[in-house]
Amino acid sequence: MPMTEDFLRFPHQMWEKVLSKVKKAVVFMDSRCAEALHWSGGAALLLEAGARNLKEFSSFEACAENEPKAVFVVSTLLKGRTIDVIKDIISLSHFQYCVVITTVAHSVHLVANNVTTEMEGNPVFEQFEEKLCEWMGNMNYTAEVMHVPAVFAPVSQQLLLTPAFAHLFPLLFPDLEAINTKRPEKKRFGSLVDMDMNSLPVELQLEIKSLAAVLNAMFEATGTREESFAVGPMSRIIAGELAGHPQAKNRRKTAPNKASIIFVDRTMDLTGAVGHHGDNLVEKILTVLEPLPGHVTDIQVDMLELTSLQRTPHSTNILAPGCLAQTQSPAAQALWETMLTSKHKEGVMEVRRHLVEAASKEKLPIKMGLGRVTPEQLRSYVQLFRSRPGMLESHCGVLQLGLATAQTLRHPIMPRWDACLAFERLLLQALGDSDFTAVLRQLLPLMKPRRGEDDTASGSRSREEECGPDELILLLVYLYSLADEAQPSDQDAEEEELEKLERELIGQLTLVITQEQHLSPLLQKLTASPSSLKQRASHGCDTPEQLTMEQAHAAAEGLFETLRGLSQTRDHLKQLRSVYTASDGVHQATYRPFLRQVLEEVFHPDRPECPDIEYMSGGLTDLLKTGFSMFMKVTRPHPSDNPLLLVFLVGGVTASELRLIKEAVSTHKPGSQVLVLSTRLLRPTDIAELLFATPRLSPDIGV
């Protein structure tokens, strides 16, 4: 029987293959592989395995004459820019031995090189080995090229992430229009559901094939035969690609273990991804603290309070930041699991308990506090360890998580979380009583530029408490994703009124953006010009001075173009079409998480067949059964048939959803083994970036 432990062990097994090659080598690694390694033990693993150094995968890096061996670890195809960077590094160095490890399977390289027939061996890798020797300047030097699917980051005992696919996101209606413009009029798709693998751009096809190959490798390593299910158009394509993977057929014949995997499109529920109703500590930490440079998931923790350094404008650059990934300390790992999958209050209480235990263990003079946990109380516990090297080393993991919690609780923008939550609740109630235009109009009073930092009247809210552009964009996503839940009205009249209101909102949002004194990372990406979006995804307009009114207006118009289609993402579903329960006069209107509805169907004791959870592993056999089912009873596989359930959220999962899954399992089927896989752990602004500022049709996989 497959256990979640087998799957959690898989990332470490893959890194062991990499570690076997790094002795006496300088390792060059791209940021996506570095993030996967970060959650599996970090750079210490490489150094303990004998690596001499770890460097960024960049054309500006090189090695000295006394460093003859290099190992390149990349998450991309060995094509285009990736090859250019490897060649640049080799030409500036004096290597005699090069190892190139890519997480992209050889079968995907064949497709990328337009090879459709099956070939023996690894010809693409063998040809590249010859190129490496040529660049090193001697064909007798040693070169190795191999595929190792080291893409999974074991973030917790319940969650595996794939940083290499962090920007893979389900397609939206503007993407459908872009695909249709390149097709003959008679062959254009009516909806996203009609699309198949071959209709997608080549770059996206390669990324999906690469993901399917990685999943196949994981099932192969764990000896598992999977039954695949899908909810949503993109999930359907990915599950279909996995089902038809050429190397999977033999595995399924001999694999001793069974598991069910359900792919779910993030676009089935954007309300939960941008909402502030998640009562979870980690979700708040991810939202308010700065991301760790080069990482999608982790954040940086200010460690200055553990030193005797004075806080100055430059002191933050002196000290390396802390983070959430604590792979060396069992106590810190236990605390992280609790923070990730429990309610906010429980998480904060657990942080205090661990800090008190650590201080007591070291016999430090701790003052016990009862009742509400405050950030000042947590800081006082952490500061007991200041400038005590031995104690800092012993409890570093717990101290970093404690500091992350304290810095989040006292962060000046935390009041915005409560303000957004209050407004979201008002919008939920209004949806059941008014048409969509009337509800949307309630956002207009919020659409005004924030005051300057010194322009705060006494007794009024501070600038930090006011909703900024980021929060306004999230509220728009929240509301448009629920548009179909509003009261129906005269269709033609509402459409005309809605169009007029949207123009007004676009103007107001443009003014709000241009009046900002500092552009948030989201605004920087949002205001990048469409033509340079792929190259400038991490830059855009860095300062307000660079931003023109035309750029801001174009960004706002593009934003509303995407927003209009968000309410239709569940239109193709037959049963799970709503995430909203209207008020009945006694109970308030509520949001019903889509994921909870899916799990309720999966764990239902009567095992009903849900038409929206589509079985994808049957192939031709299942089609024949479907035909015969007209005159004989046919039982299709059910997700609860197998002892292990994998849930893959395509486009990201929130910390609140991890808690939701844990609660659903304990309520409906205690003891069940459930493991969550996803592309990234989401903060609300990530969704806005993925919706409005990330090129979904042209992912960067090194083509």
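Student: So which helices cover the buried residues of α26?

Tutor: Among what covers them are α11 (271–274), α12 (281–288), α19 (469–480), α21 (521–526) and α22 (549–563). Contact here means heavy atoms within 4.5 Å, and helices are DSSP runs (H or I, at least four residues), numbered from the N terminus. Keep in mind that this is a predicted model: local features need pLDDT of at least 70, side-chain atom pairs count only at pLDDT 80 or more, and totals for chains, interfaces and linings use all residues. Residues are numbered from 1 along each chain as its sequence is written, and side-chain values use heavy atoms, with hydrogens and water left out.

Student: How many residues of α26 are buried?

Tutor: Eight of the nine in 684–692, where buried means under 20% relative accessible area (1.4 Å probe, protein chains only). Asp686 and Glu689 are among the buried ones, as are Leu690, Leu691 and Phe692.

Student: Switching topic: what lines the largest cavity?

Tutor: Arg32, Ser75, Leu77, Thr103, Val104, Ala164, Phe165, Glu207, Ser210 and Ile701. A lining residue has an atom within 4 Å of a cavity point, and a cavity is a set of points on a 1 Å grid over the protein atoms alone where a 1.4 Å probe fits but cannot get out.

Student: And where does that cavity lie?

Tutor: Between domain 1 (4–153) and domain 2 (165–269 + 593–693), because both give residues to its lining. Those bounds come from an automatic or database domain assignment.

Student: How far apart are the centres of domain 3 and domain 4?

Tutor: 36 Å, taken over C-alpha atoms.

Note on methods: On a 1 Å grid over the protein atoms alone, a cavity is a set of points where a 1.4 Å probe fits but cannot get out, and a pocket is an open set with protein on both sides within 12 Å along at least five of seven lines; lining residues have an atom within 4 Å of a point. Buried means under 20% relative accessible area, exposed over 50%, partly exposed in between (1.4 Å probe, protein chains only). Helices (H or I, at least four residues) and strands (E, at least two) are DSSP runs, numbered from the N terminus.
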